[in-house]
Structure formats: structure tokens, C-alpha cells
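Colleague: I'd like to understand how the labels in your description come about. Could you take me through them one by one?

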Amino acid sequence: MNEELLILFLIVIIASSLQTSTGYGFSIVGTPFLLMVFPFHEAIQINIILSICLSSVMIYKIRTEIDLELLKKLIYGSPIGLFAGILIYLYMDTGFIKLSVGIIVLILTILLISNFTLKRTGLKDYTAGGLSGLLTTSIGVPGPPLLLYFSGARIDKTILRSTTLAFYLFIYTVSLIMQIIFGGTHSEIWISSALALPALFLGVVIGQMVFKKITQKVFLNITYVILIFTGIFGDY
């Protein structure tokens, strides 16, 4: 096993374990490290392909826990963000937007740790879906808007995990199709993704075991760590 493949395996095991246990984390943790191994567009598409596989594996088991009304609002709010994000992916300086996202996430994380709360509304649900769509097609990381919003609204961890995984299956699939149509793809991306599947499945098993053992308080603490990580590596 060459060094690049070993690093890919480790990244995917850690990121998929976190995603399975919390509903977040695969892209947030995985993408910065994938970018250290692969060129930008390659890393983003590998991340999206593996995220689709992960969500597909999980969706049947968690289907009864999904908040369907919330899921619909997230999906309906996403198209504007998806189309804006693909323009950023193709033409704009991604370094600038990643730095901006990192700064915003750090500020909002400090507010959440300080027990800042958000009241959930329909408009905010749609907005969270739109922002998530924008970040998915542009940098392959849909999690931060949802993580900030749902943590601030103190949504139950089971509903949060299930609904976000269902939304990810939709948003990643649409994003990948858009990226392929407008920006193309190549065989190395799909080969690397296929080679990482065993690590992905191992991470799912580990994450399921962890999820059964964590309380809502521990869940929130993990959320804060993920957000801080995202903010610090916002300019990766």
C-alpha cells in the first residue's frame, strides 16, 4: 500500500466515523486533509462521491427518524445556493470564500459555546438549505450552516443526524452531477474513491457504536470541536 493510499484510508476512517456518529464531519474533517493529498477539484469530487456512498449506506437504517417537513424545506431552499456555488467552483477564488467561511464559523461557534440560541423558523430552514447548497457545489462542505443552525436551535441529536444525512444524499448527488456537467471529471477520481470504500464501511461500523454511547451534552461538545476545526482550517 503506497503512502497516498494509506493517508486516504486514515482520513476516510476518521471522517466517516465522525459522520456516522454525529451526522456531520465527513466533509468538514475530510476535505482539508484530502486537499493535502489531491488537487482541489479532485479532492472535492472524491469527498462528494464518498459522502454519497456513506449517506446511501446509512439512509435505510435511519429513515424513520427523519423530520420530513424540515428535510423538504432544506431541499426547497437549496437550488439558489447550488447554482451560486457552481459558479464559485468554476470561476471564483475559492481561497477567499473558504477564509470567509472559516472566520464566520469561528465567530458563530463562540456564540454557541456562550449558550447563544436560535429560534427555528421556516425562513431559517430554507436559508440553511440554501447556504448548505452553496458550500456543497463550491467547496464540497455542506455541514457548517446546518451544524450552526441546528445546534443553536437545540434540535435532538437523533433527528439532527438522520435529517442531515438524508439532505446530504440529495445535495451531494445534485452537486456531483452539476460539477461533472459544468467542470468534468476523470478516472483517477473514481478509482481513488473506489479504493477508499473499505475504509468508509469500517468508519460506519465504528461510528454506529459511538453514537449509541454519547449523550446530548457530549454530542454538543463534539459539535463545537468540529466547528472550531472548520473555522481554523477555513483557509486550507
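Modeller: Let's start with burial: a residue is buried under 20% relative accessible area, exposed over 50%, and partly exposed in between, with a 1.4 Å probe and protein chains only. This is a predicted model, so local features need pLDDT of at least 70 and side-chain atom pairs count only at pLDDT 80 or more, while totals for chains, interfaces and linings use all residues. Residues are numbered from 1 along each chain as its sequence is written, and side-chain values use heavy atoms, with hydrogens and water left out.

Colleague: Then why is Asp125 called buried?

Modeller: Asp125 has a relative accessible area of 1%, and the limit for buried is under 20%, so Asp125 is buried. Across the protein, buried residues make up 53% of the 236 residues.

Colleague: What makes Lys73 and Asp125 a salt bridge?

Modeller: The rule asks for a side-chain nitrogen of Lys or Arg within 4 Å of a carboxyl oxygen of Asp or Glu. In Lys73 and Asp125 the closest N and O atoms are 3.9 Å apart, so the pair meets the rule. Lys73 lies in helix 4 and Asp125 in helix 6, so this bridge ties together parts that are 52 residues apart in sequence. Lys73 itself is partly exposed, at 23% relative accessibility.

Colleague: How do you know where a helix begins and ends?

Modeller: Helices are DSSP runs of H or I with at least four residues, strands are runs of E with at least two, and both are numbered from the N terminus. By that reading the protein has 11 helices and 0 strands.

Colleague: What makes Asp67 and Arg120 a salt bridge?

Modeller: Their side chains meet at 3.9 Å, N to O, and the cut-off is within 4 Å, so they qualify. Asp67 lies in the loop between helix 3 and helix 4 (68-91), and Arg120 in the loop between helix 5 (94-113) and helix 6 (122-139), so parts 53 residues apart in sequence are tied together. Asp67, at 23%, and Arg120, at 34%, are both partly exposed. Asp67, Lys73, Arg120 and Asp125 are linked in a network of salt bridges.

Colleague: How many salt bridges does the rule give?

Modeller: The count comes to 4. One of them joins Lys72 and Glu69, with the closest N and O atoms 3.8 Å apart. These two are 3 residues apart in helix 4, so about one helical turn separates them. Lys72, at 40% relative accessibility, counts as partly exposed, and Glu69 does too, at 49%.

Colleague: Why is the ring pair of Tyr149 and Phe150 called tilted?

Modeller: Rings of Phe, Tyr and Trp (its six-membered ring) pair if their centres lie within 6.5 Å; planes under 30 degrees apart are stacked, over 60 edge-to-face, and the rest tilted. By this rule there are 4 aromatic pairs. For Tyr149 and Phe150 the centres are 5.3 Å apart and the planes at 35°, so the pair is tilted. Tyr149 is buried at 5%, and Phe150 is buried at 1%.

Colleague: Which residues is Asn47 in contact with, leaving aside its neighbours within four places in sequence?

Modeller: Contact means heavy atoms within 4.5 Å. With those neighbours left aside, Asn47 touches Phe26, Ser27, Thr31, Leu34, Gly140 and Tyr172. Asn47 is found in helix 3 (residues 40-62) and counts as buried, at 0% relative accessibility.
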